[in-house]
Amino acid sequence: MKIIPTQTKDDMASAAAEIFAEQISTKPDSVLGLATGETPRELYKSLIEKHDAGDLDFSKISSFNLDEYVGLPKDHDQSYNWYMRDALFNHVNIADDNWHVPDGTATDLEAEGRAYDERIKEYGGVDLQLLGIGVNGHIAFNEPDSSFPLGTHPVDLTPSTIEVNSQYFATPEEMPTKALTMGIGSIFNADRIVLIASGPSKADILYDAFFGPVTPKIPASILQMHKDVTLIADEEALRVIREKGAL
Ligand code: F6R
């Protein structure tokens with residue numbers, strides 16, 4: 001694993017944007033794995049700026065998002081489908097048929113999960129996967145569990161995730177309690193993974209995930225076994241890693 005420490009959250013976003021821009025320039029038909037949440041917003045803004053400056057062409061790029069809330073229609077402003085259009089897709093020249101977000105309104109969620117994994121395979125697999133991390137160690141919505149789930153599947157969100165994410169809904173009761181998420185296996189198949197993290201709330205879990213035992217109780221810990229993972233984090237998020245002398 002490689003760690004890129006940055007002073008601020010903006011520097012974290014710039015460093016991640018450089019890696020994505022290089023990937024897109026080097027392989028214009030790359031398949032990207034994308035994440036939502038607060039952490040990637042500045043990274044997406046930076047990619048839009050590079051696109052506007054004529055430096056990035058998304059016309060052959062395809063993408064697969066990690067997850068979606070169950071029950072939220074695409075046009076709900078808290079759905080991840082909406083988030084991605086708002087944060088990135090509406091502002092770059094990606095083809096409409098080429099970006100994918102799991103359908104959380106599918107009547108058969110298991111079947112939608114299997115079809116999603118098949119589609120990723122048909123596109124040749126993910127070249128570069130972006131991840132954030134939850135304060136409980138989740139990646140995508142793979143919550144702490146007794147085993148590592150493989151494919152895209154429906155999950156019950158934990159009280160910790162519901163508490164953190166309900167702040168974005170008009171009332172906490174509107175926050176869905178289930179999601180459809182890529183599994184650890186789907187994520188692990190990516191050739192290269194970049195995990196971004198920022199702020200003090202991620203400091204403990206980053207240490208546990210990258211320097212503690214590999215366990216499904218901390219889903220991100222599996223990344224220690226992947227061949228090409230880069231952690232880009234600001235100093236607040238790296239505090240415990242530094243204190244324990246791991247960096
Ligand atoms: C989002 C996702 C989640 C987030 C994680 C961190 O698609 O898969 O795992 O990356 O919850 O979220 P933020 O960035 O809001 O702290």
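Colleague: Which backbone atom of Glu38 are we talking about, and how many Å is it from an oxygen atom of the ligand?
Modeller: A backbone N or O atom of Glu38 lies 2.8 Å from an oxygen atom of the ligand, and a polar contact here means a pair of N or O atoms within 3.5 Å, where a pair within protein also needs one atom able to donate a hydrogen and the other able to accept it, and residues adjacent in sequence count only if both atoms are side-chain atoms. This is a predicted model, in which local features need pLDDT of at least 70 and side-chain atom pairs count only at pLDDT 80 or more, while totals for chains, interfaces and linings use all residues. Residues are numbered from 1 along each chain as its sequence is written, and side-chain values use heavy atoms, with hydrogens and water left out.

Colleague: What about side chains, say Thr36 and Lys202?
Modeller: Thr36 has a polar side-chain atom 2.8 Å from an oxygen atom of the ligand, and for Lys202 a polar side-chain atom lies 2.7 Å from an oxygen atom of the ligand.

Colleague: And how much of the ligand does the protein bury?
Modeller: The ligand taken alone exposes 410 Å², and the protein buries 90% of that; such areas come from the Shrake-Rupley method with a 1.4 Å probe, and for residues only the protein chains shown count as cover.

Colleague: How many residues surround the ligand, and which are the closest?
Modeller: There are 13 residues around the ligand, and the closest are Thr39, Asp67, His138, Ala140 and Lys202, where a residue is near if one of its heavy atoms lies within 4 Å. By class, this shell has four nonpolar, six polar and three charged residues, with Ala, Val, Leu, Ile, Met, Phe, Trp, Tyr, Cys and Pro counted as nonpolar, Asp, Glu, Lys and Arg as charged, and the others, Gly among them, as polar.

Colleague: Back to Ala140, where is its place, and what is its phi?
Modeller: Ala140 is in the loop between strand 6 (128-131) and strand 7 (153-156), where helices (H or I, at least four residues) and strands (E, at least two) are DSSP runs numbered from the N terminus. The phi of Ala140 is near 50°, which is positive although the residue is not glycine. As a general rule, most residues other than glycine have a negative phi.

Colleague: Buried or exposed, that Ala140?
Modeller: Ala140 counts as buried because its relative accessibility is 8%, and buried means under 20% relative accessible area, exposed over 50%, and partly exposed in between, with a 1.4 Å probe and protein chains only.

Colleague: New topic: where is Ser30 found, and what lies 2.6 Å from its side chain?
Modeller: Ser30 is in the loop between helix 1 (9-26) and strand 2 (31-34), and with a relative accessibility of 0% Ser30 is buried. A polar atom of the Ser30 side chain lies 2.6 Å from the backbone oxygen of Lys27.

Colleague: Where does Tyr207 lie, and how many residues apart in sequence are Tyr207 and Val240?
Modeller: Tyr207 lies in helix 7 (residues 203-211) and is buried, with a relative accessible area of 19%. Tyr207 and Val240 are 33 residues apart in sequence, and their C-alpha atoms are 6.2 Å apart in space.
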